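Have a look at the model, then read on.

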Amino acid sequence: MKKKLSNQELELIERFFDLELGAEELAAFEKRMESDASFHNEVRKYEKAYHLTAILEKEPSTPNFDDMKPHALGGMKPWKWMVGILAILAILTTGYWYANMNDNPADQPVFAEVEQYVDMLSSGVVRGSDNPDSEPTMTPIEKAINQMNDWQQAGTLDSESLTQLLMNEQDVDAREVIQWWIVRTYLESNDIENAKNILNDIAKEPNYNSSNKAKEILSDLE
Amino acid sequence: MSHKYKWNEAFERAFNGDRRLLDEHISQFYNSKLYPIILGRTQSRDTAHEVCSVTMTKFWNKFYIKRDALPDNVNGYIYAMANNAFYQVVGMKSKERDFVNHLKETKILEAINGNSNNMEESEAGQMENLYKALELGFAQLGERCRELLNLNILQKQTIRSIAPKMKFPTENAATQKKTKCIKALRKLIYSEIHNQD
């Protein structure tokens, strides 16, 4: 006849089925289950008794954990994970695109409006003769626009050089156009505050025809 | 707020008749903490669900039914319980558990009441041995345990109604007694199963 378990061993098994063994005890228990066939066999017998009485012991108040279907992320099917990941990527991409769109002045409606206005102010200006011996016939506004176009083509157009140009310019029409170019340059580099400062100057200038336009742009930027 | 404080508050309210917070807390812990961890180990949703179910049922019995004092680290304690359950479900690959679970409570009660007509032959054979062990074990229990289990399990009376009848000072005292009786019955059944070999 096979040897029955001792009370100490029964207590150990009881605690195992009660899920109360610590990590070390559990590791030792598993090891013994693997190496000691007799112990393994007796645990199996005790298991029958345990599960039988566990059913008898069940109280009506016990929640039905068998029906508790996981609803958190951990319980999601793989395809749902994929859909979730793709949705997150789409949101991130859209957000990044939108953020960049707003960061890129070229895509801002205000910038487009200023650009269009500067082009309009600068249009119709004919460059002087390329012949160095010919007499200069350009007006101050033409000279300023030519200078700014040259800088633009050379890639050296910046607010600093434009400001220098403005400081040396006395002609009202030329100053008006230069200031709008400065506004455009600030908006292009997303320097809204300085753009607004220049627009305020334009708006306050009684001799400018574009004062109202500056106020309109300022209001759009607020 | 610490885990223990949250669990304490939830159990306190449940003991006072409002189980909503405890149910919510258990459901949240089950779904967002325990299940994902176990799923990572089992790589099978069904197995993970079984491990979690065994763990939480035992947790419920211990701390709600028996009202044992909560440990300092409740979440850690549950994870340790789940470790045990993981080995029971995955490591032991238990045919015994499957068999007893398959019988379900109603069939066991039918057998206890001497009616196993609805069982299949193979089930009936195994059940007969189990029932004999149960019957012999039950007969060896003390009189007070027999009365308590008879009223609660066979006559399906609640512990609340049994407690005054059997002159227990409190309902909890009756619950504690039932736990001890079940444990004693378990050892007696094991002894009988051992002797059947």
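Q: How exposed is E11(A), given as a relative accessible area?
A: Welcome to a predicted model, where local features need pLDDT of at least 70, side-chain atom pairs count only at pLDDT 80 or more, and totals for chains, interfaces and linings use all residues. Residues are numbered from 1 along each chain as its sequence is written, chains are lettered from A and ligands numbered from 1 in the order in which they are written, and side-chain values use heavy atoms, with hydrogens and water left out. Buried means under 20% relative accessible area, exposed over 50%, and partly exposed in between (1.4 Å probe, protein chains only). E11(A) is partly exposed, and its relative accessible area is 30%.

Q: Which residue does E11(A) meet in a salt bridge?
A: Side chains of opposite charge can pair when their charged atoms come close. A salt bridge here is a side-chain nitrogen of Lys or Arg within 4 Å of a carboxyl oxygen of Asp or Glu. For E11(A), the N to O distance is 2.8 Å, and the partner is K187(B).

Q: Why does the pair of K187(B) and E11(A) join two chains?
A: Helices (H or I, at least four residues) and strands (E, at least two) are DSSP runs, numbered from the N terminus. K187(B) is partly exposed at a relative accessible area of 23%. The pair joins two chains because E11(A) lies in helix α1 of chain A and K187(B) in helix α9 (residues 171–196) of chain B.

Q: Is R186(B) buried or exposed?
A: R186(B) forms a salt bridge with E14(A), with 2.4 Å between the closest N and O atoms. R186(B) is in helix α9 of chain B and E14(A) in helix α1 of chain A, so this pair joins two chains. E14(A) has a relative accessible area of 3% and is buried. R186(B), at 3% relative accessibility, also counts as buried.

Q: How many salt bridges does the rule find across the interface of chain A and chain B?
A: One salt bridge to look at is that of E20(A) with K62(B), whose closest N and O atoms are 2.7 Å apart. Over all chains, the rule gives 20 salt bridges. Across the interface of chain A and chain B, the number is five.

Q: Which element gives the largest share of the side of chain A that touches chain B?
A: The count between the two chains is ten residue pairs in polar contact, both at pLDDT 80 or more. A polar contact is a pair of N or O atoms within 3.5 Å; within protein, one must be able to donate a hydrogen and the other to accept it, and residues adjacent in sequence count only if both atoms are side-chain atoms. On the side of chain A that touches chain B, two or more residues come from each of α1 (7–17), α2 (23–35) and α3 (37–57) of chain A. The largest share, 16 residues, is given by α3(A).

Q: Which residues of chain A lose the most area to chain B?
A: Contact means heavy atoms within 4.5 Å, and 50 residues of chain A are in contact with 59 residues of chain B. Buried area is the accessible area (1.4 Å probe) that two parts lose on being put together, summed over both. Between chain A and chain B it is about 5,300 Å², with 63% from carbon and sulfur atoms. In chain A, 15% of what that side buries comes from L19(A), L56(A) and F65(A).

Q: How many residues apart in sequence are the parts that K213(A) and E113(A) tie together?
A: The side chains of K213(A) and E113(A) meet in a salt bridge at 2.7 Å, N to O. K213(A) counts as buried at 18% relative accessibility. Helix α10 (residues 211–221) of chain A holds K213(A) and helix α5 (residues 109–122) of chain A holds E113(A), so the parts tied together are 100 residues apart.

Q: Which residue has a side chain joined to that of Q179(A) by a polar contact?
A: Q179(A) lies in helix α8 (residues 172–188) of chain A and counts as buried at 7% relative accessibility. Leaving aside neighbours within four places in sequence, Q179(A) is in contact with residues including L166(A), I198(A) and D201(A). The polar contact is 2.6 Å, and the partner is Y208(A).
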